[in-house]
Amino acid sequence: MVLLAASALFLAGQEPQAPPGNPPPEPPPGAANGPHPGPAAKPPNAGQRPTNEAAAPGRNQENTQNFFGLGAAPDPVSAARGQTTFVTNCAFCHGTNANGGATGPDLVRSVLVLHDEGTGTQIGPVILNGRPDKGMPKFSFNAMQIKDIAQFLLARSQATANRMEYKILNVITGDPKAGAAYFSSHCASCHSATGDLAHIAAKYDAATLQSRFLYPVTRSYPGTPGPLPDPKGQTTVTVTLPSGQSYSGTLEHRDDFSIALSDSSGEYHSWLLDENNGLKIDIHDPLKGHEELLKQYTDADMHNLLAYLETLK
Ligand code: HEC
Ligand code: HEC
């Protein structure tokens, strides 16, 4: 049952959803104003955040919440799940901390995100429809994934508003010795501090280094500028036809119905995934290791690792 084998691979090889290649995605049906939510979608007081000047800044979180006029605190479990989804799917354009990247705007200060208040009602349509003409691809996420991302963005905006409690990894507070130990047990199978990662801290500032090891995005998104993908990080695929002829190359596109690759000469090949065509598909994602690690790090692990990597000047 080749098909079974192929779909098992699909499940096993879950990777961030890359937006489809050409042609660019269609605007969603029924979007009367094109892919942009019309002005009607914005609450009347767009741009204004309620503030509560009466409350004094307090040490405890509830007081600070009030002081900044922040709504309910995000659910930490949902926000953590949202962070994983965000880092793997959105950070490439919007930055690991959502405060903007080379190809996507700052979401922490986005009025649309502020009005969403962690509900997903404002963010959801943008995620599901994208804004293809502006370089924002669409994603097929379920309601829970959207809510989780909304909770993560809420946590980010509250952390930014609330500077007193704003501790991000940019501040190097970890223990480099503990980081070195974590490195040898979790990273050394693929990396070496004297080989490929030698002088890594001289190459990147701390914040960039942090996002590189959390998720070294090397996928390219069609039609968007950005860092050139590192070939070592590209997902590759081999498709073997029933005749035994096989094609290998960089994975360009994959969904439930089709798969496409471009071979070493740059030629694009695609196949329909039909029950009877007997294709054997073998996908290799070199960043799988990083994706797995993302789910495992504790805050302390991340601080320690960053402190350790910072010693590799
Ligand atoms: C390929 C780059 C890219 C990726 C990947 C991407 N975005 Fe975007 N996103 C953009 C661009 C560009 C815009 C600005 C569109 C515009 O100007 O209207 C945008 C806009 C947005 C907005 C609207 C902001 C506002 O103030 O109007 C939200 C919300 C958003 N993105 C969330 C996400 C989330 C969540 C993900 C991951 C699931 C994601 N984006 C992935 C490029 C990207
Ligand atoms: C299963 C293999 C694997 C594991 C395990 C792994 N990595 Fe990676 N890592 C890669 C690949 C592949 C790349 C992308 C190619 C590249 O940039 O070297 C990469 C990229 C990186 C980069 C970016 C390098 C650059 O020059 O931009 C850093 C930093 C990094 N990894 C750190 C880590 C750390 C820290 C750990 C452990 C917590 C780790 N990696 C675990 C395979 C792995």
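**Entry 1: β3 and β4.** I looked up how β3 pairs with strand β4, residues 268-272, in this predicted model. The two strands run antiparallel, and five bridges join them. I then checked one position in this pairing and found L261 opposite H269 of β4.

**Entry 2: the faces of β3.** Which side chains of β3 are buried? I went through residues 258-262 and found that the side chains alternate. I259 and L261 point to one face and are buried.

**Entry 3: β3 and β2.** I next turned to strand β2, which spans residues 246-254. β2 runs antiparallel to β3, and four bridges join the two. For T250 I looked up the bridge partner in β3, which is S262. A hairpin is formed here as well, with three residues between β2 and β3.

**Entry 4: β2 and β1.** How many bridges join β1 to β2? I found five, with the strands running antiparallel. The bridge partner of V237 in β2 is G249. β1 and β2 form a hairpin that has five residues between the strands. In this hairpin I noted G244, which takes a positive phi near 100°.

**Entry 5: β1 and β5.** I followed β1 to its pairing with strand β5, residues 280-284. This pairing is in the antiparallel sense, over five bridges. V237 has I283 as its bridge partner in β5, and G249 as its bridge partner in β2. I also examined the faces of β1, residues 236-240. V237 and V239 make up the covered face, whereas T236, T238 and T240 make up the uncovered one.

**Entry 6: ligand 1.** Which residues come nearest to it? Of the 24 residues around ligand 1, these are C90, C93, S110, K134 and M136. I checked which helices contribute to the shell: α4 (91-94), α5 (111-116) and α6 (123-129) each supply at least two residues. C93 falls within the residue range of α4. By class, I recorded 15 nonpolar, seven polar and two charged residues in the shell around ligand 1.

Conventions: Residues numbered from 1 in each chain as written. Chains lettered and ligands numbered in written order. Predicted model: local features only at pLDDT ≥ 70, side-chain atom pairs only at ≥ 80, totals over all residues. Buried ≥ 20, exposed ≤ 12 C-beta atoms within 10 Å, placed from the backbone. Pairing = 2+ DSSP bridges. Near = placed C-beta within 6 Å. Nonpolar A, V, L, I, M, F, W, Y, C, P; charged D, E, K, R; others polar.
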